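Me: Could you walk me through how to read a few features of this protein? I'd like the general idea each time, and then the case at hand.

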Amino acid sequence: MRILLIEDDEVLGAAVRDQIAADGHPVDWVTRLDAARDAMAVAVYDLILLDLMLPDGLGLGFLRALRGRGDATPVIILTALDQVSDRIDGLNAGADDYLVKPFDLAELSARIGSVARRYAGNPNPIITLGPLEIDLAARTVRRDGKPVSLTAREWALFEAFLARPGQLLSKPALEERLYSFDDEVESNTVEVHVSRLRKKLGAGVIETERGLGYRLGRG
């Protein structure tokens, strides 16, 4: 998933960014709402992590405006506001989850995965694909009962296919899910990772539509 992090605390923001990147998700980190709007004008995000108290406004207003124009991008609020009334306000404004600071980074990863599965229409974290058993929550894959080791970027690419079974994904669309604004995009990265996934998971796990893109196969 490509994630937009809106957080003005430099220490927390860096920690969250590093955690998300370690999980294999490209992340764009901004510290102001106007920068968040600029980022959303040029990139499509799968999830937003939103602080409520920002230098140029309140996160709740940003969230209400997002939902008011019909944008259903999942949002997890990250805030020091810990009253029950604050949580109710956040959820009523359209947040999908609410995490109070300070929080454990591993819990944040788990909540990101949970929200993503709900939006993908598959709350069950276990997927069977041919000889593959995929645990989305644990981020593990077994092939014929044996564990398969995937790098963070290989997992991110595989997860993009799992979230859209049967859908043709173009190379630019896949690159968007692998890179943030600060990353240098290598021209053959998608092809290299698709090749590695096929070697590890089976030749039929990803199908190619020449000149158009790739789609999830039957394993």
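Me: Let's start with contacts. Which residues does Asp51 touch, not counting residues up to four places away in sequence?

Reply: Contact means heavy atoms within 4.5 Å. With residues up to four places away in sequence left out, Asp51 touches Ile6, Glu7, Asp8, Gly59, Leu78, Thr79 and Lys101. Keep in mind that this is a predicted model, where local features need pLDDT of at least 70, side-chain atom pairs count only at pLDDT 80 or more, and totals for chains, interfaces and linings use all residues. Residues are numbered from 1 along each chain as its sequence is written, and side-chain values use heavy atoms, with hydrogens and water left out.

Me: Is Asp51 buried or exposed?

Reply: Buried means under 20% relative accessible area, exposed over 50%, and partly exposed in between (1.4 Å probe, protein chains only). Asp51 counts as buried because its relative accessibility is 4%. Asp51 lies in strand S3 (residues 47-51); helices (H or I, at least four residues) and strands (E, at least two) are DSSP runs, numbered from the N terminus.

Me: What does UniProt place at Asp51?

Reply: UniProt positions are given in the numbering used here, feature names are shortened, and annotations may be inferred rather than shown by experiment. An unreviewed UniProt entry places "modified residue: 4-aspartylphosphate" at Asp51.

Me: And Val16, which residues does that one touch?

Reply: Val16 lies in helix H1 and is buried, with a relative accessible area of 1%. Again leaving out residues up to four places away in sequence, Val16 touches Leu5, Leu49, Phe103, Leu105 and Leu108. Val16 and Ser109 are 93 residues apart in sequence, yet 9.4 Å apart in space, C-alpha to C-alpha.

Me: Let's zoom out. How is the chain divided?

Reply: Domain bounds come from an automatic or database domain assignment. Here you get domain 1 (1-118) and domain 2 (125-214), with C-alpha centres 25 Å apart. Across the two, 16 residues of domain 1 are in contact with 15 residues of domain 2.

Me: Now the pockets. Where does the largest pocket lie?

Reply: On a 1 Å grid over the protein atoms alone, a pocket is an open set of points with protein on both sides within 12 Å along at least five of seven lines, and lining residues have an atom within 4 Å of a point. Both domain 1 and domain 2 give residues to the lining of the largest pocket, so it lies between them. Its 28 lining residues include Met1, Gly113, Ala116, Arg117 and Glu159, which lie nearest the centre. Helix H5 (105-119) and helix H6 (152-162) each supply at least two lining residues, and H5 gives the largest share, nine residues.

Me: What about the second largest pocket: which element gives the largest share of its lining?

Reply: That's S2, with four residues. Helix H1 (10-22), strand S2 (27-30) and H6 each supply at least two residues of the lining of the second largest pocket. Domain 1 and domain 2 each give at least three residues to that lining.

Me: H6 keeps coming up. How many of its residues are buried?

Reply: Nine of the eleven residues of H6 are buried, so to speak mostly covered. Among them are Trp155, Phe158 and Phe161. The buried residues of H6 pack against several elements, including strand S9 (132-135), helix H7 (171-176) and helix H8 (189-201).

Conventions. On a 1 Å grid over the protein atoms alone, a cavity is a set of points where a 1.4 Å probe fits but cannot get out, and a pocket is an open set with protein on both sides within 12 Å along at least five of seven lines; lining residues have an atom within 4 Å of a point.
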